[in-house]
Amino acid sequence: LASPRAGEDIRSEATLRRSTTPDIKPLTLFTTFSGIALSGFGGTLPWAHRVLVERRRWLTDREFVETLGLGQLLPGPNICNLAVLIGQHFAGYPGAAAALAGLLVTPFVCMIAFGVLYQRFGSIHFAQAALSGMSAVVAGLVLATGLKMTRGLPRQWRVWTFGALAFVGVGLLRWPLLVVVLVLAPVAAGAAWRDEPS
Amino acid sequence: VSHLQIAWALFVRLLFLSLIAIGGVITVVPDIQRYVVDTQHWMTATQFADAFALGQVSPGPNMMYITLVGWTIAGWMGAVAATAGMVLPPVLLTLIVARARSFSPQAKLGRAIRSGLAPITLGLMLASGWILVTSVDHRWPGYVATVLTVIVVLRTKWNPLWLIAAGAVAGVIGLI
């Protein structure tokens, strides 16, 4: 890895990213994302943040939020989009495939095991009772993860305004997500474009 | 109708639905239910709701309930077809978009899109936490559990799995 040459813009994210990219093998991506999937009761996103940012330190808070944002703008399961983006970034297409497989294989088996139990015993009263308790905890976990991720955002009023608008639109006013994203995303990207050095 | 035919029909349907699911696949749950329950009569509304609930309790992405839907209506072939139909089109699109020059972190447009989207992503994350709070915590023990979780996760290094397990137990014995 080349050290930054004199005169090169040290703040350039591209340079930083290239010089700090750790060497991560597809197998490591597979096991890491398997771990995230297996911890992900009630949702995987908080666990992805915990493992990728806090434990393994593959990504900074900011990189995590930005990658997730791209995965959310695109259709489909956000966490799968996030997995292929991260896998691809660190180990190319084999990495993307490994991360995605890690995320899906064990949950696939667990899901069918649940299906078999459900068919045999027929009642999911147990699952629903457990779910009501877990949901209260998971809600707290999601909120706490969101609060932690704010560390990655620059302290600029523009940035916080867009975050607040997204929260109010979807969380409080319950407007359709698609509408909120389609309205806010272009405006936010436009404002960021104006601020970016060219 | 053979399992293969059902699995194929489900796969094709999900190819389209997954590609319109902007902001997460939770947005197309009603469309999937309408298709497999009301239009095709492959499963009952109760079976669908139960599969959805099991998907939330099971480890892994929440959208894995679709695997169980596929498995219920067309066995192993259905499970594979449903999962693939839900996941593959979006991730292929994601990889293509990420490769596009203008989206790369090196390009100005790519940087602007990434940094512009970041706060929106955060706002949406907090919004989904908030929606979860208001949809599940109908009694005070639920709110207490949520607030405690936020404090513990922000202040300690404890593994939140213990909290989730405690929540599940509290639910089963009727506390929450």
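A residue is termed buried when its relative accessible area is under 20%. By that criterion, buried residues make up 55% of the 176 residues in chain B of this predicted model.

**View 1. Overall build of chain B.** Chain B contains seven helices and zero strands. Read from the N terminus, its elements follow the order α-α-α-α-α-α-α. Along the principal axes, the C-alpha atoms of chain B fill a box of roughly 55 × 50 × 25 Å. Of the contacts in chain B with a separation of 6 or more, 47% are accounted for by residues 24 or more positions apart.

**View 2. The interface between chain A and chain B.** In this view, 98 residues of chain A are in contact with 91 residues of chain B. The two chains bury about 8700 Å² between them, and 79% of this area is on carbon and sulfur atoms. A:P75, A:F108 and A:M111 supply 7% of the area that chain A buries against chain B, more than any other three residues. Between chain A and chain B there are zero salt bridges, while nine residue pairs, both members at pLDDT 80 or more, are in polar contact.

**View 3. The side of chain A that touches chain B.** At least two residues of this side come from each of α1 (13–20), α2 (26–39), α3 (45–55), α4 (61–73), α5 (78–121), α6 (125–149), α7 (157–172) and α8 (177–195) of chain A. With 24 residues, α6(A) gives the most to this side. By residue class, the side of chain A that touches chain B divides into 64 nonpolar, 24 polar and ten charged residues.

**View 4. Helix α2 of chain A and its cover.** The 14 residues of α2(A) should span 20 Å at 1.5 Å a residue, and the end C-alpha atoms are 20 Å apart, which agrees. The buried residues of this helix are A:L29, A:T32, A:F33, A:S34, A:I36, A:A37 and A:S39. An α-helix has 3.6 residues a turn, so residues three or four places apart point the same way. The cover over the buried residues of α2(A) includes α3 and α5 of chain A, together with α7 (160–172) of chain B.

View 5. A:E63 is located in helix α4 of chain A. Its relative accessibility is 18%, so A:E63 counts as buried, the cut-off being under 20%. A polar atom of the A:E63 side chain lies 2.9 Å from the backbone nitrogen of A:T60.

Conventions. Residues numbered from 1 in each chain as written. Chains lettered and ligands numbered in written order. Predicted model: local features only at pLDDT ≥ 70, side-chain atom pairs only at ≥ 80, totals over all residues. Heavy atoms only, no water. Contact = heavy atoms within 4.5 Å. Buried area = accessible area lost by both parts, 1.4 Å probe. Salt bridge = Lys/Arg side-chain N within 4 Å of Asp/Glu carboxyl O. Polar contact = N/O pair within 3.5 Å; in protein donor to acceptor, adjacent residues only side chain to side chain. Helix = DSSP H or I, 4+ residues; strand = E, 2+ residues; numbered from the N terminus. Nonpolar A, V, L, I, M, F, W, Y, C, P; charged D, E, K, R; others polar. Expected span 1.5 Å × (residues − 1). Buried < 20%, exposed > 50% of the residue type's maximum accessible area, 1.4 Å probe, protein only.
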